Amino acid sequence: MGDLIQIVVAKYNYWIYITLMMIGLYAMIAKNNLVKKIVGMNIFQTAIILFYVSTGAKRGATIPILEHGHGEHGAGAHVVHAVDYINPLPHVLMLTAIVVAVATLGVALALAIRVYNRYDTLEEDEILAKIREK
Amino acid sequence: MSQQYPALLVIVPLLSALVISAAGWINKRLCFPIAVAALGVAAYSSIGLLLRVLDEGAIVYRLGGWDPPMGIAYYVDHLNGLVLAVVSVVAFLNLIASKKSIELELPDKTAPFYALYVLQVTGLLGIVATGDAFNLYVLLEITALSGYAMLAMGKDRAQLSTLNYLYMGTIGACFYLLGVGYLYIVTGSLNMVDIANILPSLYESKAVLGAFIICLVGVWVKMAFFPLHAWLPNAYTHGPSAASSLIAPLVTKVMIYVMIRLILTVFTPEFAFNILAISKPIVWLACIAIFMGAILALAERNLKKMLTYIIVAEVGYMVGGAWLGNRAGMTGAILHIVNDALMTLCAFLVVSNIAYKLKGYAFDDIKGLVRKMPFTMGALVIGALSIIGVPPTCGFFSKWYLISGAIQASQYAFMVALLFSSLVNVVLFFRVIEICYYEPFSDDGAHGHGPPSEPMAEAPLTMLVPLFIVAAGLVLVGIYTGDIVNKIIEFAIPQGIV
Amino acid sequence: MIWQLDLAILTLVVIAGIAAITVKDLLGAAILFGAYSFMMCLLWSIMGAVDVSFTEASVGAGVSTVFFVAAVFRTTRRTRD
Amino acid sequence: MKIIGLIIALSTGVLLICATGDFPRWADPASPASTHLSPHFIEKTMEETSVPNIVTAVLADYRGYDTMYETAVIFTAGLACFILLRIFVKEEPGDRLYRHLLTGVTVRVKEGTKLPPSEDFERIDATWTPPDLIIKTICRFLIPFIQLFALYVIAHGHHSPGGGFQGGVILGASIILLAISQDLRTSVRRMREKLDAVLCAVGVIIYAGTGALCLLLGLNFLDYSALASVLHCDPVTARSHGILIVEIGVGIAVMCTMIWIYNNVSSIGKYDEGL
């Protein structure tokens with residue numbers, strides 16, 4: 001039973017990440033409202049970030065900040081074992097990705113505002129209809 | 001100092017982009033000289049770098065002084081040395097040519113536009129030079145964001161089409177990121193060479209296969225490969241001339257470079273061509289891309305939009321050539337990156353000259369244009385000959401390699417697609433040139449007093465000279481194709497591909 | 001790491017995500033997206049990614065939501081899907 | 001479109017789920033991700049950079065190049081929002097509302113006309129609501145503490161979670177809070193647009209310039225140990241200090257960009273009336 005739960009837990013995580021990605025991707029493609037697409041885009045990006053962060057998870061390890069960090073520097077002060085700390089690399093990558101996500105969000109919203117000012121609507125089909133009328 | 005070329009190549013443009021945006025608040029006239037100087041340094045160091053690579057072989061530059069798998073390293077070999085030189089030279093020429101049109105189209109926002117322009121070039125150069133899979137993603141986003149901002153400054157529906165480009169571009173970049181994540185989880189590394197060393201033991205793994213497909217689809221979205229091309233024509237057509245003549249020649253080409261880099265370095269040709277049996281379907285897809293690009297271009301009655309569909313077809317050439325899986329096809333694809341960057345630049349510079357003097361570039365607007373702008377039209381003819389693939393120009397030679405690659409791989413459909421597309425290009429450009437040469441101006445027809453004596457109203461010299469340099473470059477690259485192939489591309493392709 | 005908590009929050013995240021893209025009001029979508037981001041950041045602190053969750057709490061749940069609200073305020077709340 | 005979207009999303013999902021089949025177990029200490037590169041970072045960070053927070057060390061030093069571009073991405077976004085939205089208007093457009101402070105009477109001023117110069121009138125937004133004493137006071141009281149905390153987050157990033165990004169965002173958020181609780185003009189008076197835009201570039205210049213300084217001092221780009229000769233300390237401590245310098249640069253750039261984007265988005269580039 002314990003094993004089964006472990007397997008379900010292990011797989012469940014990845015499934016949920018992929019479900020979230022699918023939600024975001026679906027919203028980006030299928031939604032008609034431009035701001036809804038941007039929400040979907042952020043959900044997609046965040047789901048990918050979640051996936052990355054989970055690759056760094058390590059059972060029985062603590063956060064990647066070294067203990068006894070203060071005081072004397074250099075080797076010999078305290079022996080550090082890799083198994084005691086969570087893998088820091090995905091965290092670093094994802095800090096970058098979060099910032100990229102918010103940058104994209106800013107530009108996308110600015111563009112959406114420009115589109116709204118021009119066509120007075122955020123619905124894509126209404127905008128296309130207005131373009132065709134001209 | 002030549003040790004530091006790889007760093008200078010991207011740092012000088014980055015720093016000067018920042019200086020430009022700050023200087024714009026003080027004096028706008030400072031911006032253009034700074035941008036020219038920055039891209040000049042970038043072009044100089046990229047050519048210096050290429051020459052060093054030719055002498056010494058691949059160069060590894062450790063950023064931050066850390067050894068590659070730990071830190072980020074630049075890895076410059078023959079392949080990206082060549083692409084770096086092309087990118088920086090194209091960006092430099094286009095910057096000089098675009099000064100007037102930027103001042104005309106965006107009078108009160110020149111400073112941020114130059115800053116974004118230089119940032120875009122920084123991103124492109126970084127993408128080409130980097131040897132780290134994740135670093136590539138970050139640079140991809142710089143390129144993308146600055147590109148969106150520049151393209152959205154155009155008229156008509158520019159904002160809407162750019163927003164669509166943004167959605168598609170983000171999907172592409174996210175797919176690439178996801179693919180890198182899948183690779184990371186099974187290899188634990190982000191350095192391209194390091195990943196390539198670990199992968200051979202994992203070729204059977206489904207995760208690697210998934211990673212490869214996702215990365216490939218992401219890159220395809222970014223390069224507008226056929227079923228995923230819908231964002232490109234509108235975004236490029238409605239952007240300001242300066243932006244589209246930078247982005248159209250470079251971004252798709254750089255993404256094709258990324259695809260070739262993924263095949264050659266990260267996943268190795270062994271995996272891509274032999275273990276996976278997906279070469280054939282992809283070449284078929286490329287054939288469809290070429291056909292559809294050509295047919296959609298035929299349907300257009302707007303010069304700039306027609307050119308964007310030609311880009312879609314050209315992307316098909318390069319993807320197909322790269323996936324033929326033999327030496328000739330790969331050579332053709334790499335050579336075509338160089339040639340197509342120059343050809344597209346030539347065509348788009350012509351369009352920006354026309355836009356500078358006329359209101360639009362629909363076929364109705366350019367009637368009888370040859371009397372008004374004879375030099376610009378002369379350059380268009382050379383560009384058109386090259387896109388069609390007529391011998392002295394460079395377009396012929398890359399097409400030659402692609403076709404001989406298709407015959408070697410017995411992919412006759414690809415050969416037929418290439419010939420068909422050349423034929424369609426003949427029709428397309430003959431139509432444009434016919435309109436420009438023979439059809440009189442519509443209001444002149446009313447008078448009917450013999451041939452109209454339209455005064456010459458050529459674009460300013462700063463726009464014409466770069467255009468002539470590019471047109472001359474098309475012929476020169478064609479003449480020196482042998483040297484480029486034997487001295488550079490020959491070493492860029494690993495020995496494993498026959 | 002407590003896996004029950006992990007699963008519970010994961011489920012909530014999915015619900016918030018679906019709600020954010022289905023609700024028929026853009027302001028509501030913005031707020032739900034903020035909730036989604038905040039639960040995401042809880043999830044990451046459970047996984048031990050303290051720096052990432054700190055960033056997400058300030059960027060994703062904080063500033064992004066403000067940007068969304070500002071944009072919705074300057075455009076319209078109306079949406080058909 | 002809905003059906004196409006569903007098909008694309010589902011096929012992507014199926015592909016991704018199939019590919020997870022060969023993944024290592026979730027949170028497995030023996031997975032390649034945890035055994036290939038990360039042990040080096042975890043075990044060597046202290047002796048190579050003397051920074052206990054491994055994430056900060058990897059972010060700003062081992063992969064400092066990524067982070068520089070990440071700052072540049074943020075800067076690009078700020079610039080993009082500016083170029084997309086900012087409208088330069090010479091005179092104030094449209095009708096403006098003024099409120100007489102003593103009587104509370106609201107005066108509408110038509111386009112082109114002006115109010116006689118007087119201290120008694122206060123410019124208000126079209127969506128103005130009577131000032132809420134609680135909100136105004138609490139925000140005024142909170143903002144200095146938020147900013148203090150942000151500075152702590154930047155400065156203490158070596159030892160605890162945090163660093164330039166988080167601190168920068170919090171600093172930016174404090175100014176945004178000012179703009180929301182009062183109005184945009186108040187916050188723009190505190191943080192002029194020109195200052196904001198220049199500081200935004202300066203932040204990234206601090207980062208890239210530190211890297212370029214290392215290059216000029218004879219080592220590779222961003223190799224902070226080159227700063228040892230300038231800072232008069234040993235190379236390892238120089239790395240630690242170099243990380244602090246670039247974190248400050250990141251903080252400045254991120255703060256200013258957040259304010260810049262918010263101002264442009266919330267006023268549609270007019271810098272007139274905010275949220």
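Colleague: Of the 81 residues of chain C, what percentage count as buried?
Modeller: This is a predicted model, where local features need pLDDT of at least 70, side-chain atom pairs count only at pLDDT 80 or more, and totals for chains, interfaces and linings use all residues. Residues are numbered from 1 along each chain as its sequence is written, chains are lettered from A and ligands numbered from 1 in the order written, and side-chain values use heavy atoms, without hydrogens and water. Buried means under 20% relative accessible area, exposed over 50%, partly exposed in between (1.4 Å probe, protein chains only). For chain C, the buried share is 60%.

Colleague: How many helices does chain C have?
Modeller: Helices (H or I, at least four residues) and strands (E, at least two) are DSSP runs, numbered from the N terminus. Chain C has zero strands, and its helix count is three.

Colleague: Are helix 2 and helix 3 of chain C roughly parallel or antiparallel?
Modeller: Their axes (lines fitted to C-alpha atoms, for helices over the stretch in contact; angles run from 0 to 180 degrees between N-to-C directions) come within 8 Å and cross at roughly 175°. That makes the two helices roughly antiparallel (over 145 degrees; under 35 is roughly parallel, 65 to 115 roughly perpendicular, the rest oblique). So the word for this pair is antiparallel.

Colleague: Which pair of chains has the most contacts?
Modeller: Contact means heavy atoms within 4.5 Å. Chains B and C have none, and their closest C-alpha atoms lie 15 Å apart. Among the five pairs that touch, the most contacts are between chains B and D.

Colleague: How many of the 28 residues of helix 3 of chain B are buried?
Modeller: Helix 3 of chain B covers residues 78–105. It is largely enclosed by the rest of the structure, because its buried residues number 20.

Definitions and conventions
The expected span of a helix is 1.5 Å times one less than its number of residues.
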